[in-house]
Amino acid sequence: MKRSAGLLVASALGLAACGSGQQAPPAGGAGQVTITVACQPAKSAPKERQAWDDDVAAFMKANPGVTVKSTDQQPCFDPKTFGPKLAGGQMETVFVVPVTNYDDVIRQGQALDITAYTGEIKNWDDLRQDVRDLVTKDGKVYGVPNVHYGVGLVYNRKLFAEAGLDPDTPPTTWAEIREAAKKIAALGPGHVGYGEYSGGNTGGWHFTQAIYGRGGSILTDDGKKAAFNSPEGRAVLQTLHDMRWVDDSMGTKLLVGWESLMVAMGSGKVGMMLGAPDVVTDVVGKFKGSVADYGITGFPEAKASLSGGEAFMINPKATPEEAKAGMRWLDFRFNTVGEGRFDFARGKAIGNPVGVPDNAVYGDSPTGQAIQADRVKNASLPVENYDPYVKASAAIPPKAEPVHAQEIYAILDVAMSGVLSDEDADIDKLLADAETKVNAVLAAKG
């Protein structure tokens, strides 16, 4: 969704900047090749967009004969348009797929087998094996992992201080979150102690994050039945209901879609939210939050943390020349230390937030270590603000998103919006109705 939605659905494009010391290797080969690529930053982020455009120009200069055309849909993955766009053959040569959709896209033949082209990614062997496994089926590779994340608690350190809370000792329990949220909401009109989604598939996504943290599951182990109509699921909705209607710490506006909560966090009046470290990057880089205000800590009381991500895939209609050019673009822009999104010196120079410990696709490999060293060297943010997350997340088991996640999230949106919009919401009925609908989806999927 990262960020996407992304992820979350979304990737760490805010780390990109302009100019670089290296150039992409020549593509070689004869003839003209045109590829379309996803994820150009929006016009509302002019510095990041210029950085992208500079990289496109540098890549094409170093790869004569290759023309790169960009699309600027942000976030890169939109669950409302992804399916129709894919089914209609309108997807770019190089496009983003969240981990929740890998299996469907691969199974339906909507991604090219790129096994023969993985050598174009120079650091391919340094990518984490577990994230490579996710884009591999029957020994064939269908994607280049781009983002991997674990959830924590993002919080506004400035609001903590204003509310008389210690920003260096963030909440470690849900009870502490509730108390902190009440104090932040009491700062005055417009202040929200704890922000949460209620629609656009992001409500169900955050329900999944919360139930995982409490030790629950969305589906049974075999993936054939819903499992969220449980004590853990009720606890998630009851806590949100009580924070909204008893504590009055969640504001009155329903937040629908990824951007809505990011905008609210960027306004500086929202105290806390669940999210991966790239939330800090996006809030500061895209939604004008103050760089010094945000910290991230471990998921409170977490028995597991939602682990998600995204990969780039190649359109199955791509010719071998287009596929190779697309992979070389991915190598240059998204997988080279000191280049593209990993050019932290450039990012710092244009005022992007640098220092957030996000995106662990390379793990502790030599490439991963080099990326982290360069990130710390060029940090424009106080890296100590993220130490609680780094320390806590290492001990929290990751848990993947459920199969058919987007369909399930859309159903769970109803339960989330129900408790946040209706003081008299029947939590048991909301969960039972969602369970029936999810089981129907699972039965239809087979």
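Me: Which residues does Val 144 touch, leaving out those up to four places away in sequence?

Reply: Val 144 touches Ile 114, Ile 121, Trp 124, Ala 311, Phe 312, Met 327, Leu 330 and Asn 335. The model is a predicted one. Val 144 is found in strand S8, and its C-alpha atom is 9.9 Å from that of Leu 134, ten residues apart in sequence.

Me: Why is Val 144 called buried?

Reply: Buried means under 20% relative accessible area. Val 144 has 1% relative accessibility, so Val 144 counts as buried.

Me: What makes strand S15 mostly covered?

Reply: Ten of the ten residues of S15 (residues 305–314) are buried. Ser 305, Ser 307, Gly 309, Ala 311 and Met 313 point one way from S15, while Leu 306, Gly 308, Glu 310, Phe 312 and Ile 314 point the other way, and all are buried.

Me: How do you know that strands S5 and S8 pair with S15?

Reply: Two strands pair if there are at least two bridges between them. Five bridges join S5 (residues 94–98) to S15, and six join S8 (residues 144–150) to S15, so both meet the cut-off. S5 and S15 run antiparallel, as do S8 and S15. Pro 98 stands opposite Glu 310 in S15, and His 148 stands opposite Gly 309 in S15.

Me: Which way do S15 and strand S16 run, parallel or antiparallel?

Reply: S15 and S16 (residues 398–400) run parallel and are joined by three bridges. Leu 306 stands opposite Lys 399 in S16.

Me: What makes S10 and S14 edge strands of their sheet?

Reply: Four strands form this open sheet, in the order S10-S13-S9-S14, with mixed pairing. Strand S10 (192–194) and strand S14 (294–297) each have a single partner strand, so one side of each has no neighbour in the sheet. Neighbouring strands are turned by 25 degrees against each other on average, direction ignored. Within the sheet, strand S9 (residues 152–156) and strand S13 (residues 270–275) pair in the antiparallel sense over four bridges, with Tyr 155 opposite Met 272 in S13. Helix H6 (residues 174–185) lies across S9, S10 and S13 and runs at about 175 degrees to S10.

Me: Why is Ser 249 called buried?

Reply: The threshold for buried is under 20% relative accessible area. Ser 249 has a relative accessible area of 0%, and is therefore buried. Ser 249 sits in the loop between helix H8 (231–245) and strand S12 (255–256). Among the residues Ser 249 touches are Ala 181, Lys 182, Val 192, Tyr 194 and Met 243.

Me: Why are helices H7 and H15 called roughly perpendicular?

Reply: Angles of 65 to 115 degrees count as roughly perpendicular. H7 (residues 202–213) and H15 pack at about 85 degrees, with their axes 6 Å apart, so the two helices are roughly perpendicular to each other. On the H7 side the contact includes Trp 205, His 206 and Phe 207, and on the H15 side Tyr 409, Leu 412 and Met 416.

Me: What makes H15 roughly antiparallel to H16?

Reply: Angles over 145 degrees count as roughly antiparallel. The axes of H15 and H16 (residues 427–445) cross at roughly 170 degrees and come within 9 Å, so H15 is roughly antiparallel to H16. The contact includes Ile 408, Ile 411 and Leu 412 of H15 and Leu 430, Ala 434 and Val 438 of H16.

Me: Which residues touch the most other members of the largest nonpolar core?

Reply: Of its 73 residues, they are Tyr 194, Phe 207, Ile 218, Phe 228 and Met 272. Helix H15 (residues 405–421) gives this core its largest share, nine residues. A second, separate core has 51 residues, including Leu 86, Val 141, Ala 318 and Tyr 362.

Conventions:
Residues numbered from 1 in each chain as written. Predicted model: local features only at pLDDT ≥ 70, side-chain atom pairs only at ≥ 80, totals over all residues. Heavy atoms only, no water. Buried < 20%, exposed > 50% of the residue type's maximum accessible area, 1.4 Å probe, protein only. Contact = heavy atoms within 4.5 Å. Core = buried A, V, L, I, M, F, W, Y, C linked by side-chain atoms within 4.5 Å. Axes fitted to C-alpha atoms, helices over the stretch in contact; angles between N-to-C directions. Parallel < 35°, antiparallel > 145°, perpendicular 65-115°, else oblique.
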